[in-house]
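Here are a few notes to read alongside the model. Have the viewer open as you go through the points.

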Amino acid sequence: MAVLTIKNLAKTFNVGTPRASRVLDDISFDVRGGTFVSIVGPSGCGKSTLLNIISGVEEHTSGDISLTSDSGGPARMGYVFQDPRLLPWRSVMKNMMYVQNDRSEATAGRCRKYLEMVGLTKNADFFPGQLSGGMQQRVGIARAFAVEPDLLLMDEPFSHLDAITARGLRAQLQDIWAQSKKTVVFVTHDVVEAVELSDRIIVLQPGGRIYEDITIDLPRPRRQTDPTVATLQAEVLGRLEAMKTLSRTPSSAAA
Amino acid sequence: MSTTTAPVKARRSTTEKQQETPEWRKRLTSDSAARVAALLSFFLFWVLMSALFARVPGPVEVVQRLVDEFSRGEVFGNFGSTLYRFGVGVALATVVGIAVGVIMGLSQLGRAFFESPVLVGLSIPAIIWSFLTVMWFGFGDLSPIVTTFLTSVPFVIVNVAQGVRGVSRDLRDMSTTYKVPLSRRVKDLVLPAVTGYVAAGIRFAIIIGWNGVLLAEWFGGGGGVGYRARWWYDANRFGGFAAWVVLFVGFIVLLDRFVLDRVIQRAFRWRDASA
């Protein structure tokens, strides 16, 4: 498990040019090991940029970011993207092995275990093009868990899927997470999804600042049909509506 | 007032259309028919030209000269020499071209370093290389091999570098996130992604390279198809000259169709896989 600490983080694109735009501003939070944290907010508020900075794909302009692993070694990260990002010319199993540290039999066994957890054992030798979108995304999830990450990043992984497939995958994700208890940072614009999955929700507002940090204290496993889940979802949605109204008023915009 | 409506004609499915098309029409409109038609047109054009102009040898004369060359025992030795030189030159160009192309595609610094030499290489024609290599290396195997290599390697480099630069940004970011080692990225991500570009590069290498090998043999002597073609040219016997050209061009076409095409099809079998 890992602890992620972010302090006064800021990101500006095109620094020093007339097109400079600040997408993240003074972001500070930490994520304790074994917790599931969602980052929600409207489109363009910097959610995916924040995830890319945590993963190392993007560099931050100022502030500090640190990831410490229990093992003492460098923290290992898994990433589930919006689209599956599989190598189309490699089989499912080879895609799983592509991101592993080593090619040992033990590693292959671990990959098979996670493929089984997402119900794709029989498809191990298929090319990604032979799978449906939902199945490809399941491979993406299995791949991320199979690297045994200290920190798992997920960027709107169900946004491109139909409602029924997404619901099934959310349930599957909850089951796998309950068994592995990985530290997860999950980006979504879907508040309903965030309440169902998370221990904590960090709300980003337009301009890339943290608006609110909400703790979700509900028993697991959670299902959308559960009345307590539905009530909390409505409450969080209400707070987001309030944020939107605030950000539209001229006085708050000036502030 | 009464209205009349025209009967709605049902649209036919592709299966119905397929079943209704007569067999002879399917054959006449097939890809193979188009290829045969192209060959036939070229052949007729050749026959016509040879009938009109005395200095254009016709197909019969060319075949006769080829048979003569076989009976004299000139074909296998000379053709074998050319094939060896051409094969080594193209193989070297492929290996070096892929390596330099990958470096140019992956690294900005590599691109800056190799860009000008490759541009110079592209602009030097095969005939200049053949003169230079004959002056440098004399009349052995080395000058045609080096000429083939030098004329074809820039085309492989340019194609591969272009392919590498086009590798999906998403897949590169995914590899960065998972800290995939560079050697594995090259083997599993970059090379399969640029297979099409590599194939196009090798095709160019073959087409440009055979010019190089023939010119080096033409000027350098030392046996080979180019040397033999020149022998007939000097003797003012165009039939013999054309026989060697036809032999080598035929070989290149067969190599492309039956070897390179099949290798490419195998490399792209994942594309045929669909949900």
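**Notes on the two chains**

1. Let's start where the chains meet: across the interface of chain A and chain B, 10 residue pairs are in polar contact, both partners being at pLDDT 80 or more. A polar contact here is a pair of N or O atoms within 3.5 Å; within protein, one must be able to donate a hydrogen and the other to accept it, and residues adjacent in sequence count only if both atoms are side-chain atoms. Please keep in mind that this is a predicted model, where local features need pLDDT of at least 70, side-chain atom pairs count only at pLDDT 80 or more, and totals for chains, interfaces and linings use all residues. Residues are numbered from 1 along each chain as its sequence is written, chains are lettered from A and ligands numbered from 1 in the order in which they are written, and side-chain values use heavy atoms, with hydrogens and water left out.

2. Which elements of chain A face chain B? Strand E5 (77-80), helix H2 (92-98) and helix H4 (133-146) of chain A each supply at least two residues of that side, and E5(A) gives the largest share, three residues. (Helices, H or I with at least four residues, and strands, E with at least two, are DSSP runs numbered from the N terminus.) By type, this side of chain A has 15 nonpolar residues, seven polar and six charged; Ala, Val, Leu, Ile, Met, Phe, Trp, Tyr, Cys and Pro count as nonpolar, Asp, Glu, Lys and Arg as charged, and the others, Gly among them, as polar.

3. About 2300 Å² is buried between chain A and chain B, with 60% of it from carbon and sulfur atoms. Buried area is the accessible area (1.4 Å probe) that two parts lose on being put together, summed over both. On the chain A side, Arg85(A), Trp89(A) and Tyr98(A) lose the most area to chain B, together 33% of what that side buries.

4. Arg85(A) also forms a salt bridge with Asp170(B), the closest N and O atoms being 3.4 Å apart. A salt bridge is a side-chain nitrogen of Lys or Arg within 4 Å of a carboxyl oxygen of Asp or Glu. There are three salt bridges between chain A and chain B.

5. Now for the interior. The largest nonpolar core has 104 residues, and Leu50(A), Ile54(A) and Tyr178(B) touch the most other members. Such a core is a set of buried Ala, Val, Leu, Ile, Met, Phe, Trp, Tyr and Cys residues joined through side-chain atoms within 4.5 Å. Leu50(A) and Ile54(A) are among the buried residues of H1(A). Eight of the nine residues of this helix (residues 47-55) are buried, so it is largely enclosed by the rest of the structure. Buried means under 20% relative accessible area, exposed over 50%, and partly exposed in between (1.4 Å probe, protein chains only).

6. For contrast, look at Arg203(B) and Asp256(B), whose salt bridge has its closest N and O atoms 2.7 Å apart. Arg203(B) is partly exposed at 27%, and Asp256(B) is partly exposed at 25%.
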